Amino acid sequence: GQTGGVLSLNRSRVAHHQPPDSPVYIRCMAETPDSSLWVGGRELRRFDGEAWSGPGGPGNLANQLVESAYTTKSGHLWLGTRVYGAFQHDGDVWHRHDTQSGLADNRVLDFTELGDGSVLAATAKGVSRFDGTSWTTHTVPRTVPRSTSMSLRRSGDGHIWINYANESTFRTIRFRPEVDAPETKLLVKPGTVPEGEEFAVV
């Protein structure tokens, strides 16, 4: 029978890291620049190459179901939870992102990084984009169905591949983001626009 945990292979040596050191039920793993392995499931654990430990992060992250883990090129660790949104670790500080921050939903299923360094987060209610400061929701066409089973990948040509499942439907969608800014004109009266007035962007 299986006892859960993680298997590691170092050359020809196989080691079984068993609970309670590692999580019993594992959904995701990601490595950070310090060579730490972060393992998520019904809880989050960290392996530094020698020993296992808890996350040392916010209290509501320690015993939450972690559904996704991703490390950006800059070394930031992103974790997606089932209830509390996304957690970002910049190497020193934990940052929490949720619907109040602009995320589409607090159930975060997967992440991927775009060429400009922004991060896409697949949630149960759509895909959101974080530009380093704020979130934008519905960054992929609305024809992409909402799903509680979704994964994201970015290919070398910049296309976003979206895998999702709804009941008996399993599909993969290739999305090519627009890279050219639209032509815009500001239609305003001569002079400046007084505070409180509106103007149109077409």
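Leaving aside neighbours within four places in sequence, Ser 128 is in contact with Gly 102, Leu 103, Ala 104, Val 119, Leu 120, Ala 121, Trp 135, Thr 136, Thr 137 and Thr 139, where contact means heavy atoms within 4.5 Å. Do keep in mind that this is a predicted model, in which local features need pLDDT of at least 70, side-chain atom pairs count only at pLDDT 80 or more, and totals for chains, interfaces and linings use all residues. Residues are numbered from 1 along each chain as its sequence is written, and side-chain values use heavy atoms, with hydrogens and water left out.

**Strand S13: Ser 128**

- Ser 128 belongs to strand S13, which covers residues 126-130; strands (E, at least two residues) and helices (H or I, at least four) are DSSP runs, numbered from the N terminus.
- With a relative accessibility of 0%, Ser 128 counts as buried; the classes are buried under 20% relative accessible area, exposed over 50%, and partly exposed in between, using a 1.4 Å probe and protein chains only.
- The side chain of Ser 128 also reaches the backbone nitrogen of Ala 104, at 3.0 Å.

**Strand S13: Gly 126**

- Gly 126 is placed in strand S13 too, and its relative accessibility of 14% makes it buried.
- Once its neighbours within four places in sequence are set aside, Gly 126 is in contact with Ala 104, Ala 121 and Arg 146.
- Gly 126 and Arg 146 are 20 residues apart along the chain, and their C-alpha atoms are separated by 5.8 Å.

**A cis peptide bond**

- If you are checking the backbone, have a look at the peptide bond from Pro 19 to Pro 20, which is cis with omega near 10 degrees.
- Pro 20 sits in the loop between strand S2 (13-17) and strand S3 (26-31).

**Positive phi outside glycine**

- Arg 11 is a residue other than glycine with a positive phi, near 60 degrees.
- You will find Arg 11 in the loop between strand S1 (6-10) and S2, and at 80% relative accessibility Arg 11 counts as exposed.
- Ser 35, which is not a glycine either, has a positive phi of about 70 degrees.
- The loop between S3 and strand S4 (37-41) holds Ser 35, and a relative accessible area of 46% makes Ser 35 partly exposed.

Methods
Polar contact = N/O pair within 3.5 Å; in protein donor to acceptor, adjacent residues only side chain to side chain.
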